[in-house]
Amino acid sequence: MIKNETCKMCGSDKIIQGVKMLDFGHANIKRSLSLEVDKSKGFFHKNIEKSDISTNVCGNCGNIELYAINYHELWEFYNSNK
Ligand SMILES: [Zn+2]
């Protein structure tokens, strides 16, 4: 995870790191929000790379910064000819 010592908005160092972003599905089941790079060609040729999202929250002003957890894999997939 990328460490950010200070908030970009207010400069505070009260950063809560690694907060999960959740969505509540059917029956209030928690699901982590995730990213998806979709290079699929039609329904039968699914070609998708996913990443969970991690967030840093500023404890002073509430600013949220988002990070893709496996950003390296996303970039490699994005640049590949798969
Ligand atoms: Zn802040």
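These exercises work through a predicted model of one chain, with a solution after each task.

**Exercise 1. The fold along the sequence**

Task: State how many helices and strands the chain has, and give their order.

Solution: Start with the count. The chain holds one helix and six strands. Next, read along the sequence. The pattern is β-β-β-β-β-β-α.

**Exercise 2. Spread out or compact?**

Task: Decide whether the chain is a compact globule or more spread out than one.

Solution: Take the count of elements again: one helix and six strands. Now look at the box. Along the principal axes, the C-alpha atoms fill roughly 50 × 35 × 15 Å. Then check burial. Of the 82 residues, 4% count as buried.

**Exercise 3. Contacts across the sequence**

Task: Find what share of the contacts with a separation of 6 or more joins residues 24 or more positions apart.

Solution: Take the contacts in the chain with a separation of 6 or more. Residues 24 or more positions apart account for 46% of them.

**Exercise 4. A look at D13**

Task: Locate D13, decide whether it is buried or exposed, and list what it touches.

Solution: First, the place. D13 sits in the segment before strand 1 (15-20). Second, the neighbours. D13 has 11 C-beta neighbours inside 10 Å. The cut-off for exposed is 12 or fewer, so D13 counts as exposed. Third, the contacts. Leaving out residues up to four places away in sequence, D13 touches E5 and T6. Last, a distance. G59 is 46 residues from D13 in sequence, yet their C-alpha atoms are 8.3 Å apart in space.

Key: Residues are numbered from 1 along each chain as its sequence is written. This is a predicted model: local features need pLDDT of at least 70, side-chain atom pairs count only at pLDDT 80 or more; totals for chains, interfaces and linings use all residues. Helices (H or I, at least four residues) and strands (E, at least two) are DSSP runs, numbered from the N terminus. A residue is buried if 20 or more other C-beta atoms lie within 10 Å of its own, exposed if 12 or fewer, and partly exposed in between; C-beta atoms are placed from the backbone. Two residues are in contact if their C-beta atoms, placed from the backbone, lie within 7 Å. The radius of gyration is taken over C-alpha atoms; the globule rule is 2.2 Å times the number of residues to the power 0.38.
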